[in-house]
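Trainee: Could we go through this model together? I would like to start with the ground rules.

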Amino acid sequence: MKDITISGMVLSSAAVETIVSLAVKNVEGVVGLSGADQSAGPIARLFASASKEAVDVDVSEDEKLIISVRLEAEYGYVLPELADKVRTAVADAIEVQINAPVERIDVYVDAVRFN
């Protein structure tokens with residue numbers, strides 16, 4: 001686990017990943033983060049912690065966050081629109097919780113699930 005230093009504050013990457021994963025899981029159309037146990041019930045998946053592959057956080061040279069999110073989408077949602085909603089949710093959560101600038105948020109849809 002690495003520490004992230006931004007705006008004079010040191011955070012564990014796990015803390016930032018938790019903020020990101022909770023924001024993503026609250027977006028309608030997201031089944032869960034990639035790597036979560038899909039055989040588990042919806043409540044268990046909702047509160048599962050982010051797997052190492054699902055959320056990655058780095059800091060650019062100019063101290064802005066670079067966030068990658070891997071998720072599974074629910075069938076029937078327009079994927080580019082879903083990705084935009086995920087980016088907005090993550091950016092809002094980072095702004096409220098950390099007040100750190102974000103360089104970019106990359107969204108990867110690894111699977112589409114029929115629920």
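Mentor: The ground rules come before the individual elements.
Mentor: This is a predicted model, in which local features need pLDDT of at least 70, side-chain atom pairs count only at pLDDT 80 or more, and totals for chains, interfaces and linings use all residues. Residues are numbered from 1 along each chain as its sequence is written, and side-chain values use heavy atoms, with hydrogens and water left out.

Trainee: How do β1 and β2 pair?
Mentor: Strands β1 (residues 3–6) and β2 (residues 9–12) are antiparallel, with four bridges. Strands (E, at least two residues) and helices (H or I, at least four) are DSSP runs, numbered from the N terminus, and two strands pair if DSSP finds at least two bridges between them.

Trainee: Which residue in β2 is the bridge partner of D3?
Mentor: The partner is S12. The two strands form a hairpin with two residues between them, and S7 in the turn has a positive phi of about 55°.

Trainee: Moving on, is E17 buried or exposed?
Mentor: E17, in helix α1, has a relative accessible area of 18% and is therefore buried. Buried means under 20%, exposed over 50%, and partly exposed in between (1.4 Å probe, protein chains only).

Trainee: What is E17 in contact with?
Mentor: Leaving aside neighbours within four places in sequence, E17 is in contact with V55 and V57; contact means heavy atoms within 4.5 Å.

Trainee: And where is E53?
Mentor: E53 is in the loop between α2 (42–46) and β4 (55–59). With a relative accessible area of 56%, E53 is exposed. Its C-alpha atom is separated by 7.2 Å from that of S34, 19 residues apart along the chain.
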